[in-house]
Amino acid sequence: MNLDRFSQGLPDPAEAEVIAHCAACGGEIYAGEMVYKVDGEIVCDNWECVIGIVDPEFVPAEEAVMPA
Ligand SMILES: [Zn+2]
């Protein structure tokens, strides 16, 4: 069980109802939890999951500012 800094104020996972699963990691998402919605997908509050779903390009700044 991962008791990180976000766990405070969230429902007790042992009692909270699982209402969804993260589209990226498959982790359980509980009622009362904050999640990201990306193209209708529900993603847990984990930047690695969000980045994985959004799948942005990770490029040098010089390349990013160049017109397509
Ligand atoms: Zn996730």
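## Exercises on a predicted chain

In this chain, 12% of the contacts with a separation of 6 or more join residues 24 or more positions apart. Two residues are in contact if their C-beta atoms, placed from the backbone, lie within 7 Å. Residues are numbered from 1 along each chain as its sequence is written. The model is predicted: local features need pLDDT of at least 70, side-chain atom pairs count only at pLDDT 80 or more, and totals for chains, interfaces and linings use all residues.

### Exercise 1: the outline

Work out which helices and strands the chain has, and in what pattern.

Solution. 
- Step one: the terms. Helices (H or I, at least four residues) and strands (E, at least two) are DSSP runs, numbered from the N terminus.
- Step two: the count. The chain has two helices and four strands.
- Step three: the pattern. Along the sequence it reads β-β-β-β-α-α.

### Exercise 2: the hairpin

Describe how strand 1 and strand 2 pair.

Solution. 
- Step one: the rule. Two strands pair if DSSP finds at least two bridges between them.
- Step two: the pair. Strand 1 (residues 18-21) and strand 2 (residues 28-30) are antiparallel, with three bridges.
- Step three: a facing residue. V18 stands opposite Y30 in strand 2.
- Step four: the turn. Six residues lie between the strands of this hairpin, and G26 there takes a positive phi near 80 degrees.

### Exercise 3: before strand 1

Locate E17 and find which residues it touches, leaving out those up to four places away in sequence.

Solution. 
- Step one: the place. E17 is in the segment before strand 1.
- Step two: the touches. Beyond four places in sequence, E17 is in contact with Y30 and A31.
- Step three: the distance. E17 and Y30 are 13 residues apart along the chain, and their C-alpha atoms are separated by 5.4 Å.

### Exercise 4: the core

Which residues make up the largest nonpolar core?

Solution. 
- Step one: burial. A residue is buried if 20 or more other C-beta atoms lie within 10 Å of its own, exposed if 12 or fewer, and partly exposed in between; C-beta atoms are placed from the backbone.
- Step two: the total. Of the 68 residues, 10% count as buried.
- Step three: the core. A nonpolar core is a set of buried Ala, Val, Leu, Ile, Met, Phe, Trp, Tyr and Cys residues joined through C-beta atoms within 7 Å. The largest has seven: C22, A23, A24, I29, V43, C44 and C49.

### Exercise 5: a helix residue

Explain why E48 counts as exposed.

Solution. 
- Step one: the place. E48 is in helix 1 (residues 47-54).
- E48 counts as exposed because it has 11 C-beta neighbours inside 10 Å.
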